[in-house]
Amino acid sequence: MQEPTRKSPLRPLPNLIFASRWLQLPLYLGLIAAQGVYVFHFWVELVHLLEAVFGNQHALDILVSSIGYKSDAPVTSLNETIIMLVVLGLIDVVMISNLLIMVIVGGYETFVSRLNLEGHPDQPEWLDHVNASVLKVKLATAIIGISSIHLLKTFINAANYDEKVLIWQTVIHIAFLFSAMSIALADRLLPHHGPAKEHH
């Protein structure tokens, strides 16, 4: 029976270069702070929506201003369009928050250090086989979802947008779609060797 080969310690320069991956840690901590800002923004919008439901005119004015809704007559109560635009805005915040989680957790696991979540009941299913290629495809897919929500919000409120804005948003969304398809196709064509996870 052969003894397992012992890995020799890294020389100073390679060790320094390898340790430089920890410089990314403040970036991920910054994204966690950004996540907190999104959570705060979500609850502020939700509180304004609930206040507007109970007839608070000030909250309604804030909502109308934040979604860019315009009407010939003064807006004195919630209507279906305003509710839909606000709810889509909340969904947009949730989807961006999901994107942040993918970048924070997946990026840290892939480029910095293992999280050692194996066997944890709350381990995300996608994290089990994450690598740089899988992360790129998932991020591209998430961006398409976010772009779709923005496009839907624009179409619902189309009367308040210039025709060029509608056309360009549609073109940009299609460009995101083709970019994601290209990334997924390239990932499928490239050879994959060994397991997705390797120890740092």
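Visitor: How much of this chain is buried?

Guide: Buried residues account for 30% of the 200 residues in the chain. Here "buried" means under 20% relative accessible area, "exposed" means over 50%, and "partly exposed" lies in between (1.4 Å probe, protein chains only). Keep in mind that this is a predicted model: local features need pLDDT of at least 70 and side-chain atom pairs count only at pLDDT 80 or more, while totals for chains, interfaces and linings use all residues. Residues are numbered from 1 along each chain as its sequence is written, and side-chain values use heavy atoms, with hydrogens and water left out.

Visitor: Why is Leu60 called buried?

Guide: Its relative accessible area is 2%, and the limit is under 20%, so Leu60 counts as buried. You'll find Leu60 in helix α3, residues 57–67. (A helix is a DSSP run of H or I with at least four residues, a strand is a run of E with at least two, and both are numbered from the N terminus.)

Visitor: What is Leu60 in contact with, leaving aside neighbours within four places in sequence?

Guide: Ala52, Val75, Thr76, Ser77 and Leu78. Contact just means heavy atoms within 4.5 Å. As for Val75, it sits 15 residues away from Leu60 along the chain, with 8.2 Å between their C-alpha atoms.

Visitor: And why is Ile172 called partly exposed?

Guide: Ile172 has a relative accessible area of 42%. Ile172 belongs to helix α6.

Visitor: What makes the nonpolar surface patch?

Guide: Ile143, Ile167, Trp168, Val171, Ile172 and Phe176 make it, and it covers about 560 Å². Patch members need over 30% relative accessible area and no salt bridge; nonpolar side chains (Val, Leu, Ile, Met, Phe, Trp, Tyr) are joined within 5 Å, like charges within 9 Å. Helix α6, residues 163–189, gives the patch its largest share, five residues.

Visitor: How do you know that Arg114 forms a salt bridge with Glu109?

Guide: The rule asks for a side-chain nitrogen of Lys or Arg within 4 Å of a carboxyl oxygen of Asp or Glu. The closest N and O atoms of Arg114 and Glu109 are 3.5 Å apart, so the pair passes. Arg114 and Glu109 are both buried, and the count by this rule is one salt bridge.

Visitor: What is the overall pattern of the chain?

Guide: Along the sequence it reads α-α-α-α-α-α, with six helices and zero strands.

How values were computed:
Accessible areas come from the Shrake-Rupley method with a 1.4 Å probe; for residues, only the protein chains shown count as cover.
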